[in-house]
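Here is a short briefing on one protein chain. Look at the sequence and the 3D view, then work through the points below.

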Amino acid sequence: MAVRPIVMADQPILRRKAEPVTRITPALRRLIADMVETMRAAEGIGLAAPQVGEPLRVIVVEVPEDEEVPGSGVLYAVINPEIVEASPEIEEGVEGCLSIPGWYGWVPRARWVIVRGLNPEGRRVRIRAEGLVARVFQHEIDHLDGILFPDRIQDPTKIWRAQPVPEPVS
């Protein structure tokens, strides 16, 4: 496993539609392991393969149950994920992105989704996600279609750049 560099928003790969995975290989499993390690090292809760320079339809999602305990949530690795059902109720929530560091915005998303795809062993999975986990699945699947979270924000007053935390003065 290795921590890979995260591709920034100005790179064209993040605006292209990712290719479906046709075969699950040892190299693909290594990519997934690297994505998990990269996501955790960056203190993220989701990552899509294009964000590490691979134009493949693969995502990892891990929302901690306890923010004080990294890895306390369920880890999902989904190959060729697709949203097959989404709630009609839309909620706005704050999102950021490892590929757009320092920027945040209020993004409208479905309250719950059902995602279908394959796990790293090639078995079909069907995941019903709610709340923040549903938001992360939608955000990461957007990456596979070349969509970044600011694209979902229609009101420019709902996106902002975080101010850096000043260094303590001694």
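A residue is called buried when its relative accessible area is under 20%, exposed when that area is over 50%, and partly exposed in between (1.4 Å probe, protein chains only). By that rule D142 is buried, because its relative accessible area is 7%. The model is a predicted one: local features need pLDDT of at least 70, side-chain atom pairs count only at pLDDT 80 or more, and totals for chains, interfaces and linings use all residues. Residues are numbered from 1 along each chain as its sequence is written, and side-chain values use heavy atoms, with hydrogens and water left out.

**Overall build**

- The chain has 2 helices and 8 strands. Helices (H or I, at least four residues) and strands (E, at least two) are DSSP runs, numbered from the N terminus.
- In what order do the elements run from the N terminus on? The order is α-β-β-β-β-β-β-β-α-β.
- The radius of gyration of the chain is 16 Å, close to the 15 Å that the globule rule gives for 170 residues, so the chain is as compact as a globular protein of that length. The radius is taken over C-alpha atoms, and the globule rule is 2.2 Å times the number of residues to the power 0.38.
- Along the principal axes, the C-alpha atoms fill a box of roughly 50 × 40 × 35 Å.

**Inside, outside and charge**

- Of the 170 residues in the chain, 40% are buried.
- The chain exposes about 9700 Å², and carbon and sulfur atoms supply 53% of that area. Accessible areas come from the Shrake-Rupley method with a 1.4 Å probe; for residues, only the protein chains shown count as cover.
- Contact means heavy atoms within 4.5 Å. Take the contacts between residues at least 6 apart in sequence: 64% of them join residues at least 24 apart.
- The chain has 20 positive and 25 negative charges, and their mean positions are 8 Å apart. Lys and Arg count as positive, Asp and Glu as negative; His and the chain ends are not counted. Each charge is placed at NZ of Lys, CZ of Arg, CG of Asp or CD of Glu.

**Helix α1 and its partners**

- Helix α1 covers residues 26-41, which is 16 residues. From first C-alpha to last it reaches 22 Å, close to the 22 Å expected at 1.5 Å a residue. The expected span is 1.5 Å times one less than the number of residues.
- An α-helix has 3.6 residues a turn, so residues three or four places apart point the same way.
- Which residues of α1 are buried? They are L28, L31, I32, D34, M35, V36, T38 and M39.
- These buried residues pack against β1 (46-48), β2 (58-62) and β3.
- A77 is in strand β3 (residues 75-86). A77 counts as buried because its relative accessibility is 15%.
- Not counting residues up to four places away in sequence, A77 touches I32, I59, V60, L118, N119 and P120.
- A77 and N119 are 42 residues apart along the chain, yet their C-alpha atoms are separated by 6.1 Å.

**Helix α2 and its partners**

- Helix α2 covers residues 131-144, which is 14 residues. From first C-alpha to last it reaches 21 Å, close to the 20 Å expected at 1.5 Å a residue.
- Is α2 mostly covered or mostly open? It is mostly covered: 11 of its 14 residues are buried. Among them are A134, F137, I141 and L144.
- D142 is in α2. Leaving aside neighbours within four places in sequence, D142 is in contact with R109, I147 and R152.
- R16 is in the segment before α1. R16 counts as partly exposed because its relative accessible area is 47%.
- R16 and H143 are 127 residues apart in sequence and 8.7 Å apart in space, C-alpha to C-alpha.

**Backbone angles**

- Most residues other than glycine have a negative phi.
- E43 has a positive phi, near 60 degrees, and is not a glycine. E43 follows α1 and lies in the loop between α1 and β1. At 74% relative accessibility, E43 counts as exposed.
- N80 has a positive phi, near 50 degrees. N80 is in strand β3.
- G146 follows α2 and has a positive phi, near 75 degrees.
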